[in-house]
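Hi there,

Here is the structure I promised to pass on. My notes follow below it.

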Amino acid sequence: MPIRHCIVHLIDKKPDGTPAVLHARDSELGVSQAMENLLADLNESYNAKQGKAWGFFHEESGAYPFSGWLGQYLEGGQDFTAFSRQAVEHLQKLMEESNLSTGGHVLFAHYQQGMTDYLAIALLHHSEGVTVTDALDVAPAKHLDLGQLHLAARINISEWQNNKQSKQYISFIKGKNGKKVSEYFRDFIGCQEGVDAPSETRTLLKAFSDFVESEDLPEEQAREKTSALVDYASTQAKLGQPMTLEELSGVIDEERPKAFYDHIRNKDYGLSPEIPPDKRTLNQFRRFTGRAEGLSISFESHLLGSKIEYDEARDMLIIRQLPTQLKDQLKRRKD
C-alpha cells in the first residue's frame, strides 16, 4: 500500500459551543513503518464499520469547495500540505457551527492500493491506557483508538477522475445517533448519497433467491451457492471493495458463469453493475433464527417461499418436507 502523501492536524474542540482551535502541521509526515501500520489498521477498522454510505461530490460551490481543492492538488496547482491545510480550516469552521462536534486529530492520507488511488480522511481520538516501561514500571499511556472511528471518509480518486457517471466513488461513516452528529463532516467532504448500500444489497439477495427458485436447485446446491455469495460479499466488504455482478455470477456458478448475471439483466432489477455490500444485511441473509420459551427455529433464507411459508395474517410458519429425524420423533410421540 504505497503512501504518496500523509499529514495530521489537530482540531481542539469540546462539544460545549467553545471555539475550535486548530494546530496545523506545516509539513508532510515521512513514510515509515509506523505510518504504514497506522494506515493499514485504519483501513481495516474502516472496512469493518457497518452503516457506511456511498455517494459522489456535490457540484463545486462556496458551500462545497472541497472537490475543487482536491482537483487543484491533483493537477499540481498546490502541494498536499497546502491542500490539507485549506481543507482542515474549512472543517474547523464547520465544527464550530456544530455544537455536537468534538475535535481530534485529522488524518489526510493519499495512498495507492493496487492500481487505484485513494484519499482517506479520518477524525482520530485517543484512549487512555497503561504500559510497562523499560524500567518495568507501570505508567499511563495514550493510544489512537481506531475502534472508536466515527467520522471518516474514503474517496476513490481513480474512479472520480475516470468514471464521470459513477455515483459511488465516496464512502463515509454515517452517524449512529442521527444525521446531525455527522452531517457537518459529510458537508465538509461535499458528498451526497448516490447508492443506498442496504437497499441495493437487499435487492441483490432478492434476485438471488428468485434465481435459486427459478433453477429449481436441490437443497445442497442452493446452500452451496448461498455460501458462495455471502463469502464473496463478505470478502469484498472486508477489502472495502464493491461487489461486481459479473464477477459474483462466476463465483456462484463456475460452469455457467453468466447464468446469474443474465437472470438479473432479464428480470430488470435495476441493480448497478457494482454494489457496495452492506454487512448487516448480509449477516441477516444466511439464516432466519428465532427463540422463545421451549422453542428454537432456524432455517436458511432461500427456503422461505418454497419449503417454508410465512403467513403474517395468522402469525404462522408452514414447514413442508420435515426432516426425517424430526418426523420419526413426532411419530413415536404420537404412538
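Is arginine 320 buried, exposed or partly exposed? Arginine 320 counts as partly exposed because its relative accessibility is 37% (buried means under 20% relative accessible area, exposed over 50%, partly exposed in between, with a 1.4 Å probe and protein chains only).

Before the rest, a word on the source. This is a predicted model, in which local features need pLDDT of at least 70 and side-chain atom pairs count only at pLDDT 80 or more, while totals for chains, interfaces and linings use all residues. Residues are numbered from 1 along each chain as its sequence is written, and side-chain values use heavy atoms, with hydrogens and water left out.

The mean pLDDT (the predictor's confidence in each residue, from 0 to 100) of the protein chain is 86, and 96% of its residues reach 70 or more. Helices (H or I, at least four residues) and strands (E, at least two) are DSSP runs, numbered from the N terminus.

Now the salt bridges (a side-chain nitrogen of Lys or Arg within 4 Å of a carboxyl oxygen of Asp or Glu): the count comes to 10. Arginine 320 pairs with glutamate 309 at 2.7 Å, N to O. That pair links distant parts of the chain, with glutamate 309 in strand 15 (residues 308–311) and arginine 320 in the loop between strand 16 (316–319) and helix 11 (324–334). Glutamate 309 is partly exposed too, at 33%.

Another salt bridge joins aspartate 311 and arginine 314 at 2.8 Å, N to O. Here aspartate 311 is buried at 16%, whereas arginine 314 is exposed at 52%. Elsewhere, salt bridges that share partners join Glu215, Lys225, Asp253 and Arg256 into one network. Within it, lysine 225 meets aspartate 253 at 3.7 Å, N to O, and both of these residues are buried.

Best wishes
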